[in-house]
Amino acid sequence: MAAAMHAPIISSYNNGRIRPLLDCVDKLRALNVMQEGIQLPTIVVVGDQSSGKSSVLESLAGISLPRGQGMSTRVPLIMRLKNQPDPESPPEIHLEFNGKIVPTDEAGIEDAIISATDEVAGCGKGISHTPLTLLVKKCGVPDLTMVDLPGITRVPVKGQPHDIYEQIRDIIMEHITSEESIILNVLSATVDFPTCESIRMSQAVDPTGKRTLAVVTKADIAPQGLLEKVTADEVRIGLGYVCVSNRIGSESSQDERNREAELFDTHPLLSKIDKSMVSIPVLADKLVSIQENIISKCLPDIVKKIQDKLAANLEELNALPKTIASVGEGFAALIRILNSTKRSLTKLLLTGDFGEYPEDTEMHIIAKLMEMLNRGTAFLKSENIENEDEISDLEMGLPGFLPHRAFLYTLQKRLNRASPVLLKLVGDLWAYIETGVINVLSLHCENHPQIQSGATRAVESIIAKKKEESARWVTEIIGMEKLGIYTCKNNPQGMDLATAFDAKTGMAAYWEIVRTRLVDGLVLHILFKCQKLVEEEMEEEVVKDLTAPPSGGGGIERMLEESSLVAEERERLSKRVELLQESQDVVAKIIGRIVPGDD
Ligand code: GDP
Ligand code: MG
């Protein structure tokens, strides 16, 4: 087990500047602001299996992590290293996962991580996207937060899911794709870099390598040709290479540092590598400064994104239907809805003013009604409604009937044929009006979905009554026409149409008078009924429905209950707003410290 470090591995970092910024980013990460699509600057550790990722993290933190054979890193491990300025204070180590904080100590870390991994990802060899957070606060560690990811493995071993490669690739891609991520690519000196899977992945998202730093492990095992490999830079690593030699067996951190320093000082091949490219302390130093740069660069943008998202969510929240707190408020809302519906309907149904809905031809109700009327009444024209027998009846007279009796008889037969046509027409007209009225009313109670069904029901019930009234009216007017021949129009000499000229022409002329009467009457009848409906009945019926006791199906009290969909949406938005507000508070505390060009 590693003993506590006695001295910082290097003193140039931990200058205190980075800590508040890093704390801010860590707090945002803990708040899970990333779920809002806000990327945080993060150092992500990637590497092929057994390349030495965990060992590098151990060396940086001076602690022991699960490592070695098999895949021990099965979930992302967020490692937060925090320098503890007072060497006398004991180290503070804990694991956070699933909303829990599990305190541990240096000796217990490995077991704590293993059991937390089992809890998060199951006991088998499966992997999970849910991260663990390991906080290591002790004297001498660099102020760094890094995410360790499962090592890439091409071939599943016994017990691993068959698509383990794809699963791991997905986790890695999720972490390294964002431009805010720094990719710490761990490469073993024992392998050919261009063949590394981790190189392929990082090149896919960072082709120029501008945010990729390479750590070459196992310099002690494979010193041959290492200098050439890191100077040739075949794999385009923009942030440079650092060669290291990690802890071997159970040596202490201090022993590890001394041995590594001696190795790079004295080894005939390794000593030729520039000192700015070797050792864990150099790596720590580089990481701290890269981290400081990326955080300073990203924070202003993060602040802006938080503000924008907060504003957008608040706007969405405010646009949700208003909650109604009392029956009185419910009535007020209902009166508003009815008044505005009445205004719209008067325009659409009575005056033919479509100004409110210029684009929506569905709303041009009266135009459509007139079209239906024209089509329906055209059918009543003589040529459509006359039939063969009536001509002969008229021309020859019916046996035993006087000529005007034959005329009346023919008229009545025509009226009998016209009656179902008119009945069907009024039915169609009311059906169309019903749809129009319900559309308009629904639009006006959009914000109160709870009363829509009641309002619709009320309209349906009035229209059913209107249909009956109109059917009665048709029967009545047809009955009146059947009574006999009367017109005050165009009949100056009191001419008897039945005998004046030939009976067929007389019938045609008289039928035109009847038809005009029927059509004009029908239009006036419908408009009159519509006016009553809009001006009085709709309001009465809707109020009646909504003030009926709830058990009766209505109930203005319903307006007080929020629909579950709206309630869910409100809950979801409120949570996001809360998260973003907390995030905003977090950044507000430090934003004053980010002065451009502070370096
Ligand atoms: P990971 O799978 O990438 O996390 O790799 P590990 O950190 O578990 O390392 C795999 C093996 O390589 C372990 O047995 C380590 O002890 C060993 N190892 C890692 N780094 C070095 C190093 O720099 N030198 C030597 N000699 N062995 C190392
Ligand atoms: Mg590992």
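Author: Let's start with a rule: a pair of cysteine sulfur atoms within 2.5 Å is what we call a disulfide. Such a disulfide is a covalent bond between the two sulfurs. By this rule, the count here is 0 disulfides. You're looking at a predicted model, so local features need pLDDT of at least 70 and side-chain atom pairs count only at pLDDT 80 or more, while totals for chains, interfaces and linings use all residues. Residues are numbered from 1 along each chain as its sequence is written, chains are lettered from A and ligands numbered from 1 in the order in which they are written, and side-chain values use heavy atoms, with hydrogens and water left out.

Reader: What pLDDT does the protein average?

Author: The average is 83, and 86% of the residues score at least 70. The scale for pLDDT, the predictor's confidence in each residue, goes from 0 to 100. Over residues 1-8 the value stays under 50, and the model has 24 contacts for them beyond four places in sequence. Residues 595-599 are also below 50, with 4 contacts beyond near neighbours in sequence. A contact here means heavy atoms within 4.5 Å.

Reader: Is C24 called buried or exposed, and why?

Author: C24 is called buried because its relative accessibility is 2%, and buried means under 20% relative accessible area, exposed over 50% and partly exposed in between, with a 1.4 Å probe and protein chains only. C123, at 67%, passes the other cut-off and counts as exposed. Across the protein, buried residues make up 49% of the 599.

Reader: What should the 14 residues of α1 span, and what do its end C-alpha atoms say?

Author: The expected span of a helix is 1.5 Å times one less than its number of residues. For α1 (residues 18-31) that gives 20 Å, and the end C-alpha atoms are 20 Å apart, so the two agree.

Reader: What makes S54 and T73 a pair at the magnesium ion (ligand 2)?

Author: Both coordinate the ion, S54 through OG and T73 through OG1, at 2.2 to 2.8 Å. S54 lies in helix α2 (residues 53-61) and T73 in the loop between α2 and β2 (77-83), so the pair ties together parts that are 19 residues apart in sequence. Donors are N, O and S atoms within 2.8 Å of the metal (3.2 Å for Na, K and Ca), and water is not among the atoms, so sites may look incomplete. S54 is buried at 10%, and T73 is buried at 13%.

Reader: How do you know which way β3 and β5 pair?

Author: Strand β3 (residues 92-97) and strand β5 (residues 132-138) run antiparallel over 5 bridges, and two strands pair if DSSP finds at least two bridges between them, so they qualify. E92 stands opposite K137 in β5. Strand β4 (residues 100-104) is also joined to β3 by 5 bridges in the antiparallel sense, with F97 partnered by K100.

Reader: How many residues of β8 are buried, and which faces are covered?

Author: In β8 (residues 212-217), 6 of its 6 residues are buried. In a regular strand the side chains alternate between the two faces of the sheet. Here T212, A214 and V216 lie on one side and L213, V215 and T217 on the other, with both faces covered. Strand β7 (residues 181-188) pairs with β8 in the parallel sense over 6 bridges, and L187 stands opposite V216.

Note on methods:
Helix = DSSP H or I, 4+ residues; strand = E, 2+ residues; numbered from the N terminus.
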